[in-house]
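Please look at the sequence and the structure together while reading this briefing. The notes below take up a few residues one by one, grouped by topic.

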Amino acid sequence: MEWPHERATSIPAEHANPDLSQIGVVVYDDGLFGDALIAQCAAGLVASGCRLGGVVQSNAHRRGRRRCDMYVKDLLGGDEIKISLDRGNEARGCRLDPDAFARIGAWVERAALERVDLLIINKFGKEEARGRGLRPVIAEALIAEIPLVISVSTQNLCDFLTFVGDGATLLRPDIEAITAWCRNAIERGAHHRFQARLSSVQA
């Protein structure tokens, strides 16, 4: 289902192409479920030989803790880091480690430069909605015309759609639907690159 929305000013208009549906958006209410779904999709694509970049998140529960520890993994390089700060059960507010975003951003930038088949980012969260976090590197990936699949909570969906402009496709939180969109986007990307090389040879 295509979602009509206001074109964002953050992404140059000439890079937006609704027909190609460069962005697949997995909308969720439960963050833990969304993280697991994106990670499962990535694992299946990697197993079938796709070259992925970006990050997926895993959440580990510890006895005696109300909230889980959060980790992200670099799909291109394989490294994994903890992104949650241990502030105790009574702490409120953001638990994300701000220093981790610089490293994650570098992973995403590398994936964009190396022209992976598909970029996966586990979520567009509160930090991105506020203009921080991974927002700049998401913009760079979109300008580089790399297919992107990303999960977004219902609370942050309006901010995300305003940011990316036209061309996003809302996906059901279903592994088969997400994987099918990813495979289709990868095939379209490969075809586009082949046509571009053919044109350069013929020129």
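Glu145 is partly exposed in this predicted model, because its relative accessible area of 42% falls between the limit of under 20% for buried residues and that of over 50% for exposed ones.

**Backbone angles in loops**

- Although Glu145 is not a glycine, its phi is positive, with a value of about 65°.
- Arg115 also belongs to a loop, namely the one between helix H2 (98-113) and strand E5 (118-124).
- The phi of Arg115 is near 55°, which is again a positive value in a residue other than glycine.
- With a relative accessible area of 38%, Arg115 is partly exposed, because this value lies between the 20% and 50% cut-offs.

- Gln22 is located in the segment before strand E1 (23-28).
- Gln22 counts as buried, because its relative accessibility of 16% is under the 20% cut-off.
- A polar atom of the Gln22 side chain lies 3.1 Å from the backbone oxygen of Leu142, and a polar atom of that side chain lies 3.0 Å from the backbone oxygen of Ile146.
- Both distances, 3.1 Å for Leu142 and 3.0 Å for Ile146, are within the 3.5 Å cut-off for a polar contact.

Technical notes: Residues are numbered from 1 along each chain as its sequence is written. This is a predicted model: local features need pLDDT of at least 70, side-chain atom pairs count only at pLDDT 80 or more; totals for chains, interfaces and linings use all residues. Side-chain values use heavy atoms; hydrogens and water are left out. Helices (H or I, at least four residues) and strands (E, at least two) are DSSP runs, numbered from the N terminus. Buried means under 20% relative accessible area, exposed over 50%, partly exposed in between (1.4 Å probe, protein chains only). A polar contact is a pair of N or O atoms within 3.5 Å; within protein, one must be able to donate a hydrogen and the other to accept it, and residues adjacent in sequence count only if both atoms are side-chain atoms.
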